[in-house]
Amino acid sequence: MTTDMRRAFPRTDGPTLICEDYGGDGPTVVALHGTFGRGSVFARLADDLAGAARIVAPDQRGHGSTGAAGSYRREDFVTDAAALVRALDSGPVVVLGHSLGGITAYQLAARHPELVAGLVIEDVGPLMRRPEIEHPVLEVRGWPRTAPTRAALAAAIEERGVPDSSYFLRSAVETPDGWRLLFDWEDMAEVQARGTGDWWADWLGSHCPARVLRGGRSTLLPAHLAAEMVRRRPDTDLLVHPEAGHWIHDDDPGWFARAVAEFLAVPLSVGGGGVTP
């Protein structure tokens with residue numbers, strides 16, 4: 001098992017980033033969650049790579065314990081990630097990003113190539129807009145943020161048409177007055193809106209090795225777009241999990257860990273072994 005140490009990285013030019021630093025030897029991997037997420041979504045990956053890689057997973061601005069920020073532009077997220085990598089002072093790192101975190105990852109590589117040794121992009125492409133992506137954002141304005149119990153908060157979210165609220169509830173905490181989400185739905189609407197667009201120039205703007213992971217049942221990274229990402233960018237490969245959706249790291253954690261470990265060329269602990277991408 002990894003040792004999780006929550007660390008704060010104070011800054012003068014942005015929010016203090018609260019990170020899960022799972023420690024360990026081997027290459028440093030900065031893992032960037034998607035919208036509505038938090039760094040702890042990568043706890044299982046850190047366990048699977050225990051002793052072989054160091055996973056550092058921040059709560060990005062507007063999320064988790066880092067909290068709200070005054071701006072959610074794409075450049076804000078990239079600047080935050082660059083500041084974190086510099087603060088780690090471990091040289092160029094591998095950056096893993098899921099969904100919106102994946103966009104931040106390849107934008108970081110394009111704009112600060114000296115900080116990024118490699119990319120693992122989980123189920124997101126360089127186009128996040130209509131008509132290429134039918135539903136690039138989830139309309140969440142006005143959704144409930146608090147409820148008397150965790151079960152009541154889950155039910156309130158699922159009443160909005162979400163079949164499974166568990167991903168959102170990873171950001172739910174108990175307070176003296178009941179349960180609340182650490183993020184604000186209005187902020188998340190802004191985060192999503194700022195993430196929509198054509199990001200081909202950023203995807204093609206770096207030259208480090210890259211691996212794209214796609215869920216075969218995902219609606220956010222079509223098969224043809226994933227194939228085009230690999231065709232157009234040198235030193236890039238693609239792995240597809242035919243049964244996974246958008247959250248590959250949850251749908252099949254062992255497969256996900258194996259895919260990351262093979263890219264890093266590090267051994268797996270027991271939890272991630274025996275799974276062939």
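Reply: Happy to! Strands here are DSSP runs of E with at least two residues, helices are runs of H or I with at least four, and both are numbered from the N terminus.

Before going on, a word on the model: it is predicted, so local features need pLDDT of at least 70 and side-chain atom pairs count only at pLDDT 80 or more, while totals for chains, interfaces and linings use all residues. Residues are numbered from 1 along each chain as its sequence is written, and side-chain values use heavy atoms, with hydrogens and water left out.

Back to the pair. Strand 10 covers residues 178-181 and runs antiparallel to strand 9, with four bridges joining the two. Two strands count as paired if DSSP finds at least two bridges between them. The sheet they belong to is open and has three strands, in the order 8-10-9, with antiparallel pairing. Strand 8 (146-147) and strand 9 (172-175) are at the edges; each has a single partner strand, so one side of each has no neighbour in the sheet.

A helix joins the picture here. Helix 4, residues 150-158, packs on the sheet and touches strand 8, strand 9 and strand 10. Contact means heavy atoms within 4.5 Å. The direction of helix 4 makes about 45 degrees with that of strand 10; axes are lines fitted to C-alpha atoms, for helices over the stretch in contact, and angles run from 0 to 180 degrees between N-to-C directions.

For another view of pairing, turn to strand 3. Strand 3 (residues 28-32) pairs in the parallel sense with strand 4 (residues 54-59) over three bridges, and Thr28 has Arg54 as its bridge partner there.

Five of the five residues in strand 3 are buried, where buried means under 20% relative accessible area, exposed over 50% and partly exposed in between (1.4 Å probe, protein chains only). Thr28, Val30 and Leu32 point one way, and Val29 and Ala31 the other.
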